[in-house]
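Student: Hey, can you walk me through this one? I'd like to start with the strands.

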Amino acid sequence: MVAEFDLIEFLQMLADRTAGLLSASTVGLLLADPKGQLRFMAASDEATGLIELFQTQGSDGPCLDAFRTGRPVVNADLRTAAPQWPRFAPVAASVGFRSIHAFPLRLRREVIGAMGVFGTDSGDLGDADVQIVQALADVAAIGLLQHRTISHGVALTEQLQGALNSRVVIEQAKGAVAQAHGISVDAAFVMLRAYARSRNQRLGDVAHLAVTDFGRLPGLAAS
């Protein structure tokens with residue numbers, strides 16, 4: 001964890017790389033806020049982000065179960081999961097997802113969030129894949145908690161609150177860029193990230209300018 005650590009960019013990288021390891025799957029990440037409520041932080045695509053956001057606003061869902069118990073939920077078929085998750089399962093199935101897996105972000109007994117893996121088919125994750133994804137979630141949790149320790153009193157919850165605020169601005173910026181250039185929200189997010197990376201700027205800072213002063217982002221469409 002380096003200076004000027006960008007929590008959202010770190011979690012976005014984790015979501016993208018985990019999705020890249022698993023065929024026909026997308027990934028969403030939730031972290032607990034200072035009150036212990038899960039909040040959406042990153043997703044490998046827009047549809048998954050919306051489903052994860054819906055999950056945080058409800059009272060049921062696999063990521064909520066993984067967070068509460070500290071144990072993974074694997075190989076759940078959404079077409080038959082309505083009795084278990086009466087609000088979440090029908091909505092997730094209605095947008096084309098067929099299977100769901102959820103992994104806690106944990107270090108020993110401390111659970112700070114959850115990772116959801118959504119499949120467009122009903123294929124099960126094998127034991128090896130389950131171990132790999134849980135290992136990625138564990139490494140992310142260790143990194144986040146270690147960063148809190150290194151920061152000498154700067155609590156992870158404070159950084160998380162700042163990231164939550166940035167996430168709201170990023171969602172607004174995605175919509176603004178998508179509308180300005182006539183592109184999808186997913187494509188707008190790719191454009192924002194590429195612009196921030198090419199100029200070594202924080203994603204949240206670029207998003208803020210996109211919302212408040214778009215003229216100060218020359219070349220955004222060409223990035």
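Tutor: Strands (E, at least two residues) and helices (H or I, at least four) are DSSP runs, numbered from the N terminus. Residues are numbered from 1 along each chain as its sequence is written. Also, this is a predicted model, where local features need pLDDT of at least 70, side-chain atom pairs count only at pLDDT 80 or more, and totals for chains, interfaces and linings use all residues; side-chain values use heavy atoms, with hydrogens and water left out.

Student: Okay, how many bridges join β1 to β2?

Tutor: Five, and the two strands run antiparallel. β2 covers residues 38-43.

Student: What sits between them?

Tutor: β1 and β2 form a hairpin with five residues between them. In the turn, Gly-36 has a positive phi of about 85°.

Student: And which strand is β1 paired with over seven bridges?

Tutor: That's β5, residues 110-119, again in the antiparallel sense. Take Gly-28: Gly-116 stands opposite in β5, while the bridge partner in β2 is Ala-43.

Student: Which residues are on each side?

Tutor: Ser-25, Val-27, Leu-29 and Leu-31 are on one side, with Thr-26, Gly-28, Leu-30 and Ala-32 on the other, and all are buried. In a regular strand, side chains alternate between the two faces of the sheet.

Student: What's the strand order in the sheet?

Tutor: It's an open sheet of five strands, β2-β1-β5-β4-β3, with antiparallel pairing. β2 and β3 (73-77) stand at the edges with a single partner strand each, so one side of each is left without a neighbour in the sheet.

Student: How many bridges do β4 and β5 have?

Tutor: Nine, antiparallel, with β4 spanning residues 99-107. Ile-100 stands opposite Phe-118 in β5.

Student: Switching to helices: at what angle do α7 and α8 pack?

Tutor: α7 (185-198) and α8 (203-212) pack at about 120°, axes 9 Å apart. Axes are lines fitted to C-alpha atoms, for helices over the stretch in contact, and angles run from 0 to 180 degrees between N-to-C directions.

Student: Which residues meet there?

Tutor: Phe-189, Leu-192, Arg-193, Tyr-195 and Ala-196 in α7 meet Leu-203, Val-206 and Ala-210 in α8, where contact means heavy atoms within 4.5 Å.

How values were computed. Buried < 20%, exposed > 50% of the residue type's maximum accessible area, 1.4 Å probe, protein only. Pairing = 2+ DSSP bridges.
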